[in-house]
Amino acid sequence: MVRNKLFISLLVIPSFVILAAVVFYPFVYNVVISFANMNLYKIHDWNLIGFKQYIKIFTEPSQPDFYSVLFKTVIWTFTNVFFHVVIGVSLALMLNQNLKGRSLFRTLLILPWAIPQYIVALTFRGMFNYEYGAINLMITKYLNVPAVEWLKDPVNAFVACIITNVWLGFPFMMVIALGALQSIPQELYEAADMDGAKWYHKLRTITLPLIRPVMIPAITLGVIWTFNNLNIVWLVSNMGEPSDTTHILVSYVYKSAFNYYSFSYAAAISMVIFVILLTFSLMFMKSSRATEPAY
Amino acid sequence: MASVRLENLKKTYEGGKSVVNGVDVTIEDKEFVVLVGPSGCGKSTTLRMIAGLEDVTEGKVFIDDKAVNDLPPKDRDIAMVFQNYALYPHMTVFENIAFGLRLRGFPKNEIEKRVREAASILGIEELLDRKPKALSGGQRQRAAIGRAIVRKPKVFLFDEPLSNLDAKLRVQMRTEISRLHQRLETTMIYVTHDQTEAMTMGDKIVVMKDGFAQQIAEPLDLYNHPKNRFVAGFIGSPAMNFFEGTIAGSQNLVFKEQQGSFQMPVPREGKRRLKSYVRKKVIMGLRPEHIHRPGSRLPKGAKVAATVQVVEPMGNEIYTYFSLGKEEKQYTARFDAAVMPIVGKRLDVLFDTSKAHFFNTETEAVI
């Protein structure tokens with residue numbers, strides 16, 4: 001029995017050590033420095049200063065303003081996840097039909113997800129170029145609309161980031177929704193046909209409720225990933241340009257930490273992000289009863 | 001109430017695979033008809049064509065003399081009970097049963113009344129607030145039947161509804177569905193692969209194989225007068241024994257088993273039909289209950305030397321599996337449970353020749 005326990009411990013220890021090194025230690029370190037004054041001048045001789053960094057976040061004016069960045073992050077997250085889910089589920093519904101060339105479409109539609117994010121971000125940045133970008137060339141040629149200053153205007157630059165991330169993110173939701181759709185027994189639709197259900201009845205009363213248990217965790221993940229997505233905003237808007245107006249919280253954290261070297265301030269914002277996402281995830285999973293099986 | 005008529009019904013899937021090859025059946029009003037056959041015989045496809053869940057490739061489906069080929073399922077006024085219940089897992093039993101009524105815009109109090117009525121018929125009043133996952137197999141099946149009867153349709157279709165239940169529950173539900181038929185007095189079409197279900201429930205049975213209706217008859221007629229070897233072998237449990245042999249003689253015809261294990265006189269009523277088969281091969285069929293222990297008093301019995309291979313005591317009777325001569329093929333007899341035959345021992349059994357069926361070896365049709 002004792003030998004058995006020892007053996008189990010030996011098997012568990014390597015993963016525990018790795019987890020401790022890459023998750024627990026950085027997390028605890030982040031918590032500690034969020035209560036300190038670590039910055040460019042005090043990298044080694046930092047002191048604990050209590051809640052001062054947190055108070056600074058919520059009370060002191062900053063450039064960009066924390067609340068406007070938080071608001072933009074919420075808009076960024078909501079808009080992205082909304083389009084990821086709507087486009088993803090719609091395409092999954094189409095792919096779930098008996099279409100000719102279904103597997104070809106499926107492969108093509110998964111492609112955006114398979115391409116590394118930074119390549120997509122830089123490609124889109126090029127496409128949003130005022131003079132030579134494909135998007136302006138197309139809208140001026142085919143829609144007869146004047147060229148748009150995508151990356152120089154704060155709103156347009158933010159919209160450009162969202163468009164890029166929507167393109168990148170819908171395949172994940174599509175694949176998840178397709179898997180969920182394929183697990184719905186065909187007999188349920190046939191029973192509904194016998195009962196006289198139209199396509200929208202079936203969508204509302206069978207499809208959506210039955211893909212919900214799969215989609216809720218996917219949406220939760222999508223919210224966390226999108227909320228924390230640094231690459232797209234950072235690369236498409238070129239580090240929050242114009243004038244730090246396109247930041248979301250994570251890009252703001254990154255800039256605070258690695259451009260302005262305010263490590264403790266950045267760590268404190270990270271903790272705020274952590275608390276926001278943890279609260280959201282717990283509340284969303286609980287209110288949507290995501291852990292209850294459908295069948 | 002309605003009659004259903006299938007005229008030369010055919011179904012061919014993309015790629016040319018034919019599953020139903022021309023079925024003609026008339027199902028009278030209030031009749032309980034069972035489509036029975038082995039897997040892949042086309043019985044479920046036939047039912048689904050009646051339901052409107054499959055397109056008809058050729059032929060016509062009539063409900064009350066009205067061709068319904070082009071009508072969607074909802075406009076055929078039929079209800080169907082599926083093998084896997086097809087209950088909506090996120091809805092309560094009440095919501096499941098009420099679903100069709102709600103879609104059809106029934107007023108709330110009428111829905112409430114009808115659902116309670118159906119639940120009381122099926123004895124599931126206390127389960128109305130539960131979700132399907134909190135129900136047993138039998139309760140789920142009752143809820144599925146409730147969803148069908150609540151609409152008061154012209155025709156009920158059942159697609160192997162008892163296949164997922166255990167043996168005891170299957171027997172119980174079988175009688176419940178039969179009772180329901182007597183109570184509702186509605187046309188019911190029932191698909192099963194289980195010949196016992198077919199025999200016990202159906203007013204009329206359609207035996208299917210390879211997409212064709214092999215025989216359409218009342219249960220006992222099917223049992224006593226099978227049209228071909230397939231029907232004879234499919235209906236009845238344990239299945240009918242088949243012996244290959246030839247007809248010999250001139251006045252008194254005799255069936256000679258091909259290995260020489262036995263010979264027996266052809267019953268008088270079969271003589272005329274078998275005359276043209278003298279010196280030709282035929283198949284003789286004899287049901288297990290028409291093979292008796294030695295000493296049984298039979299007016300026209302043939303004594304046959306057998307070797308007991310396996311015995312299966314069923315309580316009230318014993319299924320005895322035996323071989324003849326050096327043949328490896330096994331045959332079955334049903335003996336009463338008085339004395340247990342001894343495995344490996346020789347046993348002289350008596351074949352009741354008056355009950356024998358003869359089939360053409362090539363066409364397999366009854367002679």
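The following exercises, each with a worked solution, concern a predicted model.

**Exercise 1. Overall make-up of chain B**

Task: State how many helices and strands chain B has, what box its C-alpha atoms fill, and what share of its residues is buried.

Solution. Begin with the secondary structure: chain B contains nine helices and 20 strands. Next, take the extent along the principal axes, where the C-alpha atoms of chain B fill a box of roughly 75 × 45 × 35 Å. Finally, consider burial: of the 367 residues in chain B, 52% are buried.

**Exercise 2. Aromatic pairs in chain B**

Task: Give the number of aromatic pairs over all chains, then describe the geometry of the pair Phe158(B) and Tyr190(B) and that of the pair Phe262(B) and Phe351(B).

Solution. A pair of aromatic rings is described by the distance of the centres and the angle of the planes.

1. Over all chains there are 36 aromatic pairs.
2. In the pair of Phe158(B) and Tyr190(B), the ring centres are 5.6 Å apart and the planes stand at 35°, so the pair is tilted.
3. Phe158(B) belongs to strand β7 (residues 155–159) of chain B and Tyr190(B) to strand β8 (residues 187–192) of chain B, so the pair ties together parts 32 residues apart in sequence. Phe158(B) is buried, at a relative accessible area of 0%, and Tyr190(B) is likewise buried, at 0%.
4. The pair of Phe262(B) and Phe351(B) is edge-to-face, with 5.0 Å from centre to centre and 80° between the planes.
5. Phe262(B) lies in the loop between β12 (254–257) and β13 (263–265) of chain B, while Phe351(B) lies in strand β19 (residues 346–352) of chain B, so this pair ties together parts 89 residues apart in sequence. Both Phe262(B) and Phe351(B) are buried.
6. Phe262(B) and Phe351(B) are also members of a cluster linked by ring pairs, together with Phe243(B), Phe255(B), Phe322(B), Tyr331(B) and Phe358(B).

**Exercise 3. Charges over rings**

Task: Identify the ring over whose face Lys280(B) lies, and do likewise for Arg287(B).

Solution. Lys280(B) lies over the face of Tyr277(B), 5.9 Å from the ring centre. Arg287(B) lies over the face of Tyr223(B), 3.8 Å from the ring centre.

**Exercise 4. Helix packing in chain A**

Task: Describe how α3(A) and α7(A) cross, and how α9(A) and α12(A) cross.

Solution. Two packed helices are described by the angle between their axes and the distance between the axes. For helix α3 (residues 66–95) and helix α7 (residues 154–182) of chain A, the axes come within 6 Å and cross at roughly 40°. Accordingly, α3(A) and α7(A) are oblique to each other. The crossing of α3(A) past α7(A) is right-handed.

For helix α9 (residues 199–227) and helix α12 (residues 263–287) of chain A, the axes come within 10 Å and cross at roughly 170°. This makes α9(A) roughly antiparallel to α12(A). Here too, α9(A) passes α12(A) in a right-handed crossing.

**Exercise 5. Backbone exceptions**

Solution. Most residues other than glycine have a negative phi, and most peptide bonds are trans.

1. Pro242(A) lies in the loop between α10 (231–236) and α11 (249–258) of chain A.
2. Pro238(B) is in the loop between α8 (229–234) and β11 (241–248) of chain B.
3. Asn8(B) sits in strand β1 (residues 4–12) of chain B and is partly exposed, at 32% relative accessibility.
4. Arg279(B) is placed in the loop between α9 (268–274) and β14 (281–286) of chain B and is exposed, with a relative accessible area of 73%.

Definitions and conventions: Residues numbered from 1 in each chain as written. Chains lettered and ligands numbered in written order. Predicted model: local features only at pLDDT ≥ 70, side-chain atom pairs only at ≥ 80, totals over all residues. Heavy atoms only, no water. Phe/Tyr/Trp six-rings, centres within 6.5 Å; stacked < 30°, edge-to-face > 60°. Helix = DSSP H or I, 4+ residues; strand = E, 2+ residues; numbered from the N terminus. Buried < 20%, exposed > 50% of the residue type's maximum accessible area, 1.4 Å probe, protein only. Lys NZ or Arg CZ within 6 Å of the ring centre and 35° of its normal. Axes fitted to C-alpha atoms, helices over the stretch in contact; angles between N-to-C directions. Parallel < 35°, antiparallel > 145°, perpendicular 65-115°, else oblique. Left-handed = near helix turned anticlockwise from the far one by under 90°.
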